[in-house]
Amino acid sequence: MLKVENVTKYYGDFLAVDNLSFLVKPGEIFGLLGVNGAGKTTTFRMIMGLLDCSEGKITLDNKPIDYSVTDKIGFLTEERSLLTKLTVRQQAIFYGRLKGMNEKDILKRLDELLEKFGVLEYKDKKIKELSKGNQQKIQFILAIINKPKLLILDEPFSGLDPFNVELFKNEITEMSKEGSMIIFSSHRMEHVELFCKKLAIIMKGKTVLSGDLKEIKEQYRKKNIFVKGDLTKKDLLDIDGVIDVVEHADEYEVKIENIDVSQRVFKEVSKHKNIMKFVVEEPSLNEIFIAKVGESYDK
Amino acid sequence: MINKLGFLTNISLMRKIKTKWFLLANLLIAFIIIAGLNIDTIITSFGGDFNKKTNVYVIDKSNQIYNVFKSNVDSASLLGQMSDNFDTDQKESDFVIKKYNKSENEAKKILAEDEDAIILVFNSTDNSVLDVKMITQSYLNASKFQILNTALNNTKKILMIEKFNISPDDLLKISEPVEIKREYLEKDMSQKGENNEQIFGFLFPVLILPFFMLTLFLVQMIGAEVNDEKTTRGMEIIISNVSPKVHFFSKVIAGNVFVLIQGGLLFVYALIGLFFRFLVGGDKLGGVTSEIFDVLKDVLAGGIGDKLIYIIPITLLLMIITFISYSLLAGILASMTTNIEDFQQLQTPIIIISLVGYYLATMSTVFPGSLFIQIFAYVPFISAILAPSLLFVDQIGIFDIIIAIILVIITNLLLIKYGLRIYKVGILNYSSKGLWKKMFKALKN
């Protein structure tokens, strides 16, 4: 179990992370969200021991993280951290050996993963000869080459097309099922929503929202209603409790203050003809994120 | 962690050695060294008569000058050989002096067949003691001209002395060089040894040139490697698996093992060059390289050879620990820089320090006993070049070298203690903003 307890980090006088706490249990996927400069990478670097905490402590299975446990951790950095002059095979041996693996096991696992990600033909190519997307795949493969107990992924989906995002997602989900603790950051809320059960949103190093994704969405009072039928945008905006109406191709997205307003909207919509769709949905994580980060900005 | 140190050291070393560039560079170096040591053989193998003597035809209209001139040419020619070749045993002149009794115009016909020949016409006049006309086919070689000029000037002096009725034997004695008999109060001293020591004083900086070259290799390699890992951000993955201390030592060890291997290869290339030299009998061909070997042979045969028994190991020890100093410094400085251009600028002072040592070593024979130079022989980074050359020419003693070694060891320990603090912060720092503040803060921690 990864435990981050009241962690604070100062760079000189600048407060980068402010009293951050969260917990990731085996098999859990934890999302750390925030805008640029929110303190996500600093948090990851503190977990990896690359930076010392100014205050607070970080433990893995109740033990401080030091070089005796780093063999069990996988780390994918936000920026490419590959030695571009090496071939994929050389790079895998380099990072794998640093994880305490022997060369035979490294090459066996490398073949397995390269095949899984459809890049087996790049095994003997130099990293610098690969496209950005393929470099990201290799970086991800190297991060999981040691089947880590704790996997830290800093913006893992950057530079990937939807097909490869799906590949990553499947692998991450599979690892989670096998009991790995996974913690990752992303700007793309739809990626987080895909497979993340727990999350924390941080803003200027401070936690503005954290907990179980389902609970967060349930607790979030504002909901969305999707309506399709013979009615105008004005008809919907005139209903008391409606915040906004977004017009899509053939339907309206009605944003309401809380779930109670949905009854009023249903009553009003029922008065119109040819109503083909009326669905009340939870807000997207993106909406919650913007709302929370916006609130935090306001404060 | 020791396994990881071994692995990192090995991979760092292999990245330097298992490259086609290392192979290519060594092939070139080997070729240059082997060819350099056999340059005289190579030159002569392309053809040419290197022992050809120059014919000098003398038309002596005064009938008084020829004999005096001939003896002076032999003396001047031998003096020239002695200063050029350090060979006191050579007795033959480069010129064949012939008296020519026919006219000047007849003599000029000789030049059509023997283009290198020289015609000298001596006219005795009232106004000047010796009036000389020199006729050649084209420009004359400077050293040949110098020898003839010296001989002519001496001849003129002798002709003046002759006016005072001095016998020809006495005249020859006057024109002969003065023989200096040397006496040494210390035992096992000889004039040959004295000459060799003076020559070796100049030669030593040449022999330690590989150290200077290897220092450059070392600094550049460690800097480039640390910088590469930093700029590609591979450093974050590495440092998340091994401590900065292990990473630092792996670079230092790999860098030093590399220069020792490279130094060993240079030595092997030199041995191969010498083997070829003796195989083709090139040592008998003369030339600069064979003169160096003659000096070395004399040095080893004489009393100085005994000194080498302790000078060589102590110099090697001083060089190895100085290599470590340079590699520690290069690693620390490289960790502070954020790109290779910054490191290239930062390595300039390191190179200059090494150059200072090199120049002071060459100047130590020009300013023997200079306190200034002797003080620098203790200074770490410089001492490896300077101290052994001063020890060899007896300007400092073995005790001074031991002090220099102790000072380098202390410097290395300080670099490890304080440099590691900078390294730990530096390798994960990607911004040059507030760099010095960060480094000073790291030093205090």
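Strands S11(A) and S13(A) run antiparallel and are joined by five bridges. Within this pair, A:Ile225 stands opposite A:Val254 of S13(A). The model is a predicted one, and what follows should be read as a description of that prediction.

The pair belongs to an open sheet of four strands in chain A, ordered S12-S13-S11-S14, with antiparallel pairing. S12 and S14 of chain A are the edge strands; each has a single partner, so one side of each has no neighbour in the sheet. On average, and with direction ignored, neighbouring strands here are turned by 20° against each other. Strands of a sheet pair through backbone hydrogen bonds, in parallel or antiparallel fashion.

These strands also take part in covering a helix. The buried residues of H9(A) are covered by elements including S11 (223-228), S12 (242-247), S13 (252-256) and S14 (277-281) of chain A. Which residues of the helix are buried? In helix H9 of chain A, residues 261-270, they include A:Val261, A:Val265 and A:Val269. The three span an arc of only 70° around the axis, which means that they lie on the same side of H9(A). On the face of H9(A) turned away from the buried side, the exposed residues are A:Gln263, A:Lys267 and A:Ser270.

Chain A as a whole has 10 helices and 14 strands. Its C-alpha atoms fill a box of roughly 70 × 45 × 30 Å along the principal axes. Of its 299 residues, 39% are buried. Among contacts in chain A with a separation of 6 or more, 69% are between residues 24 or more positions apart.

Chain B has 18 helices and four strands. Buried residues make up 33% of its 445 residues. In chain B, residues 24 or more positions apart account for 78% of the contacts with a separation of 6 or more.

The largest nonpolar core has 133 residues, and A:Ile152, A:Ile182 and A:Ile201 have the most contacts inside it. Helix H13 of chain B, residues 304-336, gives the most to this core, with 13 residues. Apart from this core lies another, of 20 residues, among them B:Val56, B:Ile65, B:Val73 and B:Ile97. In soluble globular proteins, nonpolar side chains tend to be buried together.

What does A:Ile182 touch, leaving aside residues up to four places away in sequence? Its partners are A:Ile29, A:Phe30, A:Leu151, A:Leu153, A:Ile172, A:Met175 and A:Ser176.

Last comes the interface between the chains. Here 18 residues of chain B are in contact with 18 residues of chain A. On the side of chain B that touches chain A, helices H1 (2-17), H9 (209-231) and H10 (234-239) of chain B each supply at least two residues. H10(B) gives the most to that side, with five residues. Sorted by class, the side of chain B that touches chain A consists of eight nonpolar, five polar and five charged residues.

Technical notes
Residues numbered from 1 in each chain as written. Chains lettered and ligands numbered in written order. Predicted model: local features only at pLDDT ≥ 70, side-chain atom pairs only at ≥ 80, totals over all residues. Buried ≥ 20, exposed ≤ 12 C-beta atoms within 10 Å, placed from the backbone. Contact = placed C-beta atoms within 7 Å. Nonpolar A, V, L, I, M, F, W, Y, C, P; charged D, E, K, R; others polar. Core = buried A, V, L, I, M, F, W, Y, C linked by C-beta atoms within 7 Å. Arc of directions from axis to C-beta. Pairing = 2+ DSSP bridges. Axes fitted to C-alpha atoms, helices over the stretch in contact; angles between N-to-C directions.
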